[in-house]
Every structure is written in structure tokens, then in C-alpha cells.
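Reader: I have this one open for the first time. Can you walk me through it?

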Amino acid sequence: MSDTASNQPVLPPEIARRRTFAIISHPDAGKTTLTEKFLLYGGAIQMAGQVRAKGEARRTRSDFMQMEKDRGISVSASAMSFDFDGHRFNLVDTPGHSDFSEDTYRTLTAVDAAVMVIDGAKGVESQTQKLFEVCRLRDLPILTFCNKMDRESRDTFEIIDEIQENLAIDVTPASWPIGVGRDFIGCYDILRDRLELMDRADRNKVAESVEINGLDDPKLAELVPADLLEKFLEEIEMAKELLPPLDHQALLDGTLTPIWFGSAINSFGVQELMAGIAQYGPQPQPQNAEPRAIAPEEKKVAGFVFKVQANMDPKHRDRVAFVRMASGHFKRGMKLTHVRTKKPMAISNPVLFLASDRELAEEAWAGDIIGIPNHGQLRIGDTLTEGEMLRATGIPSFAPELLQGVRAGDPLKSKHLEKALMQFAEEGAAKVFKPSIGSGFIVGVVGQLQFEVLGSRIEMEYGLPVRFEQSQFTSARWVHGEKDAVEKFADANKQHISHDNDGDVVFLTRMQWDIDRVVRDYPDITLSATKEMM
Ligand code: G4P
């Protein structure tokens, strides 16, 4: 093991000990189970099974929507904080379904690393691959957990090869499994030279951990059946020859991922992974911003909103803006500047997402995620500072790929519908466009399931049944140019023009030809498929 990560800046200890990360995985690989065990070892819950109540598959505490329970998907992303090994872990939950890629993308702008969970029998699945590619765009460091080793799994080299080939990242084993399926007895912890033995009798019992003294230690022969030991020693010898050692800097650069093998449900390998995150995971990283980047060690507080969630608690009709602290030491009651509106905002009741419950945050450091309840002032992409006009960048809004018209079931309720839609638009749950011709709204999403979620939420949270209707449009582009040019363009193309919830001009398209025509006929207009949120 070589630690060459000397070019990490020295941060104040409170900041340096923070690890802010997300878990990426394909549905069913074990993200919920692993999250639960993280919280268990982080002392945030007392007993496994609290996160996902028994019998109600995939219901975590952070899930509250009927829809989520019914469909078994995690629609809402939330943040959870807990302590482990002298470190503060901030785990930001990513929605698992592929239809939520936009939300997931934004969540990944708020973390410094990702834990990739794969199923030992299935390897790299489609959703893992997609999410990995999003991480790659930001060179996020990735730590890998190969789960379900208690079941029949693939050959260890095959799993590692698949990751290296499909994801084009180097893999270094942090642990090595001994035995397969029914014969799986545990792992050799390569980083700490220990033998970890899984207890199949008690799923919540931490594995027996035996210190050994290198691979020649006679203790190995006492604890590992001869046939398994022989195969293991052969494999580990080969692994040493074929696979790179752990290079901390390569991990931090996102070009090498360490892999731990384990079984989340059996609480096996989880603590080793957590220790790995603590020891090798990145400390809070600088945030890109205009006109200058924000460094975590700066004395002054800055943070940005990466997610807004409305009606988190059905009893309080509030919105919570999830803010990633980018620098400084925040204290409750501080007055911060809301850069977009240049107005001061007293942050008197910020929330820290301790897994057990929402709790008032007395303080937060760079790297932490806090929730700020508000009445709609805070939008995705907003920056809060102690006065400097900084604007966090890199939090995009994507052009929707599916468009539908939406109407209130009761025509007299269309004002209510407008209010609900605007709120969801600000939350980033959908794009809402008001066409310049005709009445009604057009809603744009990235995946089909978002329509269902939206419909169900409008009905549940506003008591408004809605109808979606086919739209002649298939995509949307934001229109940029000099004010006069945009106005002239909008006048000449009224049937395509609408405004989004920020009042920006949007060109609705039916086919690629519409876009090509604008490019050809209006050289002073540009159309863009993303809009940087601000
Ligand atoms: P997800 O959030 O990634 O979708 O996965 P989740 O944790 O819900 O796990 C998916 C299924 O895999 C669950 O089974 C869970 O119990 C099981 N599982 C998780 N980790 C392990 C493991 O290490 N070994 C084995 N054998 N299974 C594991 P389920 O039957 O769908 O749900 P449930 O009835 O257990 O709640």
C-alpha cells in the first residue's frame, strides 16, 4: 500500500474528518441494506430493521410517499449524518430508478465520493453503469462494495475484470473472498492483514476478526479449511501479480477503485468498507463557482442548494432546501446572503438529517448537508454566502425528453394546479412550461415514471386529481440571445414558444427538424438543452 496523496490540502480537523458521499447501484443490489448497516455502525439506529421495517420491502425512514411504498422505489433523495471512527459521514441518498437521472445527477454534485454497490452474482448492471458515468464526468472517487457474497457469486477475477473493462477504471482488491456461495467463510482483509470470518448464524453480529501475520501465518490453516485455503492462496498470489496495489492518489483522482467483498445482510464486510471510506475517502473538496472557486477551508461560510423537496412532512407544508456547505463553519442563526436575490436570509431553523429524525442543526462545517425550511425563496442552484457574490456552478437542469399536457380534473381548479406545478418545478421534479398560445400547461420530464409520481403527488399533497394528455411537442430548448432578437424570434414562432417557471423563453420542438430550422434561419439565436440553475 502506498500513500501518495500528499497533495491533499491540510484542512482544519473538523472539516478534514468529514466524508460526504452517495451510494450508486442497480435496484436490488443491496443499497438499502447497506445504508441500514452504515447507520447501525454509525450509532444512528439501535437495531437493524429500523430503516426498513420488516415485511415492508424497501421502505427506508427517508421514504414517506405511498407511491414509494407501492412501487418499491426510492423517489426522494435525503441526507443522513452519522459518526464512525472519529469521522463524520454524510450519506446522500440517490434515487434508484433510472427515471430520476436528473435528480441523481444533481445529488452527485453535492458529494465528494461514491460507494458503488454491485451484486456478486450479477456484476455491473445497467443502472450502475449509467450512474458510474455520471460520477466519471466529475472524476468522483469511487469505492466499490461487492455484495451478496453469502450466495453463489461469480469468480472474483471475473467480477474485477468486468469492472475494469465495462467501466474503464483500475480495480485494486481491498479484501479477498474465501470460498464461494455456501462455502463462503469470509474475507482476507488485504489492507489490514486480518482474517474476517462471517457468522451465518447471526445476521447482525459483527464478524470475528483475527489479526494474522502475513499469508504464511499458521493461524490461517487453523481457521480456513484446507481446500479453501489452497485456492485462496493461489488466487491472492495471482491477484498480487495481475492487479495494481492501492494508490491513494489514483483513488482520489477517480482512476482506481478499491473493492471490498461482503454481505450487507449478514453485516459482513461493512465495517471494513466504512473504515476504508474514513481512511481513503476524500475530505471535502473545493466547489466550482463564479467568479472564483470556493475552498472548504475558507473562514467565511458558503453553500449551495442542490435539491429542494416540498411537503417532506405531510403535517408541515414546508419546503426544505438541501444545502451542501462548501466552506467555513456555519452556526445556527447566521445571516447569509442569498446571492441570486442579493437579500439577507436569517438561517434560524436549519435541519441536520440525523438518521433517526430531523434535528435542529446548531452548527455545520464544509462538507455537511443541512436542510433549510423555507417558503420557496431557495431554488436549486442558489448560493448562500456571507456577502460575497459567488455563484456555485455545475448544477444543471436538463431539457426534458418527454412532454405532456396537464389539466386539472376539475376545470375550476386550474389556479390551484398552477400553484402546485410551479412548486414542483422549483423543486426540480419536472419542467413546467406555459405556452404563449392557449391555456393549460405542458409538463416535461426525463423519464415516464416521473409523470406518475407527479400525478400522485399533486393528488396527495394538493387534493387535485389531474389528467395528462398527449402533447404535439417532444422536447424543449432554452432560447438565448440579445433581448430584441429573442423577442423577434418569439413573435415569429408563437406556436412553439412557452415560458418556464423562471419566466425564461423556451422553444418547444416536435422533431429535430424544428431545431435545425432555427439554427439555419436565426443565426443570432442559440438553443440549449441544459440550463444552468441559478
Ligand atoms: P436495493 O436498495 O439496492 O434495491 O436493495 P435492498 O437492500 O433492498 O436488497 C435487495 C434484496 O437483496 C433484499 O431481499 C435484501 O434482503 C437482499 N440482500 C441484501 N444484501 C444481501 C446479502 O448480502 N445477501 C443476500 N443473500 N441478500 C441480500 P428481498 O427478498 O427483495 O427483500 P426482503 O424480503 O429481504 O426485505
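Author: One term to begin with: two strands pair if DSSP finds at least two bridges between them. Helices (H or I, at least four residues) and strands (E, at least two) are DSSP runs, numbered from the N terminus. This is a predicted model, where local features need pLDDT of at least 70 and side-chain atom pairs count only at pLDDT 80 or more, while totals for chains, interfaces and linings use all residues. Residues are numbered from 1 along each chain as its sequence is written.

Reader: OK. Which strand does β26 pair with over 2 bridges?

Author: That is strand β30 (residues 497–499), and the pairing is antiparallel. P435 has S498 in β30 as its bridge partner.

Reader: And how many bridges join β26 to β27?

Author: There are 3, again antiparallel.

Reader: Is β26 (residues 431–435) mostly covered or mostly open?

Author: Mostly covered, since 4 of its 5 residues are buried. Buried here is 20 or more other C-beta atoms within 10 Å of the residue's own, exposed is 12 or fewer, and partly exposed is in between, with C-beta atoms placed from the backbone.

Reader: What is the order of strands in the open sheet?

Author: β28-β25-β27-β26-β30-β31-β29-β32, 8 strands with antiparallel pairing. β28 (466–470) and β32 (526–528) are at the edges with a single partner strand each, so one side of each has no neighbour in the sheet. Neighbouring strands are turned by 40° against each other on average, direction ignored. Axes are lines fitted to C-alpha atoms, for helices over the stretch in contact, and angles run from 0 to 180 degrees between N-to-C directions.

Reader: Which strands does helix α12 touch?

Author: Helix α12 (residues 449–462) packs on the sheet against β25, β27 and β28, and its direction makes about 155° with that of β28. Contact is C-beta atoms, placed from the backbone, within 7 Å. Helix α14 (residues 512–521) also packs on the sheet, touching β29 (475–480), β31 (505–509) and β32.

Reader: Different topic. Which residues come nearest to the ligand?

Author: K31, T32, T33, S263 and I265, out of 18 around it. Near means a C-beta atom, placed from the backbone, within 6 Å. Helix α2 (residues 31–41) gives the most to that shell, with 3 residues.

Reader: Why is α2 described as largely enclosed?

Author: Because 11 of its 11 residues are buried. The cover includes β1 (18–25), β2 (79–84), β3, β4 (113–119), β5 (142–147) and α10 (270–280). Just after α2, G43 takes a positive phi of about 75°.

Reader: Where is L91?

Author: In strand β3 (residues 87–92). L91 is buried, with 27 other C-beta atoms within 10 Å. Leaving aside neighbours within four places in sequence, L91 is in contact with F21, T35, F38 and M80. The C-alpha atoms of L91 and T35 are 8.5 Å apart, although the two are separated by 56 residues along the chain.

Reader: Last one. Which residues touch the most other members in the largest nonpolar core?

Author: A114, V305 and V323, in a core of 94 residues. A nonpolar core is a set of buried Ala, Val, Leu, Ile, Met, Phe, Trp, Tyr and Cys residues joined through C-beta atoms within 7 Å. Another core lies apart from it, with 34 residues, among them L417, I442, V445 and L454.

Methods. Two residues are in contact if their C-beta atoms, placed from the backbone, lie within 7 Å.
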